Amino acid sequence: VFLSGLASSGFSLIRGFDPQAASMDAARRLGDVDSVEGLGPVQTLTPQALHEASPNTYSGNFGRSSFPLHTDLAHWARPPRYVALRCIHGAPHVATLVLDGQALVASVGADALRAALVQPRRPMRNGKQLLRLLEPCDLLRWDSLYIHPASKMAASVCERVRVFLTCAQPLEITLLEPGDTLIIDNWRCLHGRSSATEDAGTRRIERVYLKELR
Amino acid sequence: MTTKETTTAKKVNHPWSADALLAKAQRYAEDMLSHSPEDWQFGLVSTFVLEFLARAALANISPTLLADPNNSNNFYFALGRTSTAPKFIPRSIDVTMVLTRLREVIPDEFTPEQHGFAAQHFSRRNEELHTGSTLDSTPTAYQQIANPINSEGFTTNAEVNLKTSPPSMTLYKGFFGQTFLLSQSQIVLHEAVHLVTYFGDRELATAATGKVYANTTRDNSEASEDWHNQLKKNCH
């Protein structure tokens, strides 16, 4: 069932998915876990104030304010295909935002996105590789923070993306109960987080990247 | 949308990969288009576009074809490995060898005429970069072939979009779609050579087609027409 949800809308939500299981075990039931360089297999996400977080993270840039819509690791040549977000401890007033990137492609145009060259904001392995907002394999990438346009033409396309996202209405999904698991096609959908008040500091979500689903 | 590949996350592309080289060609092409086709800068930057396209076509077969054979560590690097040799700096073959290898690996697609044309164009670049003479002061330089925008039967994606003013990157809608590169690297090369005929001259035209165009002028480009006909024949 969750596979058909992914195919139709780019994400799938499974409520109360084996809440007793460790996130890694639950993820293995969903698909093949991707080992992502520099990250542990399971990452814990909690709302943090600006001053509490590392500066090269979303919390370090936005604190408890809402996180803008993005795809994970958009500055990588090939970002992880799927993101699984699993609730360990929910917060009723904090939502995960999801937007199907097909709407963005339809609005801005696949040709424009394919032609738009972007670069990581900082060098990686002594260089700044050139990437496309839409790769030939239909890998959509977007991040207003970690990638920058690499040409005037790309700057123009990026501006159109920003305008589109400003008006976009993402779905708001609350991961409230332990085991609530949201699987997002990271090559298709953008996601973000609503703002989190100080009392939402106990929210705890575990993230696992997957390269293939079962 | 097409079926997506399932694959492992990867931090960076190999610098000799077809994707990386093609993207770089595109960026140079954008820079090229920021100049007027009448300017020498347009011609100079076009040689960079052509070089990266040629390298991308070779890399699309295998990045190892770009490795300088004088040091086996270059092959190791091309295979995506990290050499343990101290102070090793990866070195790829020069553009002359790139053209030679293209002739060897795709002889039907990369014809002797195209080879000659591209070699001539790179020769012009060397003259610009290594001597005191300048492209814009050479009597037979870029301006002398008629602007192909004015040619009838100018039917490729590149041609149609060149007619817009100012030219835009949609010029490369097909050119940089990568579908070509994945399936038919020869078309990339065709398009590349086509692109540089845009500002070629009689000598360049002769190198491309093997014919002499004594009567070619800015408003009457027999060479350009020949090239387009050849393109159409090869692309269909």
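Q: Which residue of E12(A) does Val98(A) stand opposite?

A: Val98(A) faces His191(A) in E12(A). The model is predicted: local features need pLDDT of at least 70, side-chain atom pairs count only at pLDDT 80 or more, and totals for chains, interfaces and linings use all residues. Residues are numbered from 1 along each chain as its sequence is written, chains are lettered from A and ligands numbered from 1 in the order in which they are written, and side-chain values use heavy atoms, with hydrogens and water left out.

Q: How many bridges pair strand E6 with strand E12 of chain A?

A: Strands of a sheet pair through backbone hydrogen bonds, either parallel or antiparallel. Here strand E6 (residues 96-100) and strand E12 (residues 189-193) of chain A are paired in the antiparallel sense over 5 bridges. Two strands pair if DSSP finds at least two bridges between them; strands (E, at least two residues) and helices (H or I, at least four) are DSSP runs, numbered from the N terminus.

Q: What is the strand order of the open sheet of 4 strands in chain A?

A: The order is E4-E12-E6-E10, with antiparallel pairing. Strand E4 (67-70) and strand E10 (171-173) of chain A are the edge strands, each pairing on one side only. On average, neighbouring strands of this sheet are turned by 20 degrees against each other, direction ignored. Helix H4 (residues 101-108) of chain A packs on the sheet and touches E6 and E12, its direction making about 45 degrees with that of E6(A). Contact means heavy atoms within 4.5 Å; axes are lines fitted to C-alpha atoms, for helices over the stretch in contact, and angles run from 0 to 180 degrees between N-to-C directions.

Q: Which strands pair with E7 of chain A?

A: Strand E7 (residues 117-120) pairs with strand E8 (residues 131-132) of chain A in the antiparallel sense over 2 bridges, and Leu117(A) stands opposite Arg132(A). E7(A) also runs antiparallel to strand E9 (residues 147-149) of chain A, joined by 3 bridges; there Val118(A) has Pro149(A) as its bridge partner.

Q: What area is buried between chain B and chain A?

A: The size of an interface is often given as the accessible area lost when the parts come together. Here about 2,700 Å² is buried, 53% of it from carbon and sulfur atoms (accessible area, 1.4 Å probe, summed over both parts). The contact takes 22 residues from chain B and 34 residues from chain A.

Q: Which side chains form the salt bridge between chain B and chain A?

A: Lys11(B) and Glu37(A) meet at 3.8 Å, N to O, and the count between these chains is 1 salt bridge (a side-chain nitrogen of Lys or Arg within 4 Å of a carboxyl oxygen of Asp or Glu).

Conventions:
Buried area = accessible area lost by both parts, 1.4 Å probe.
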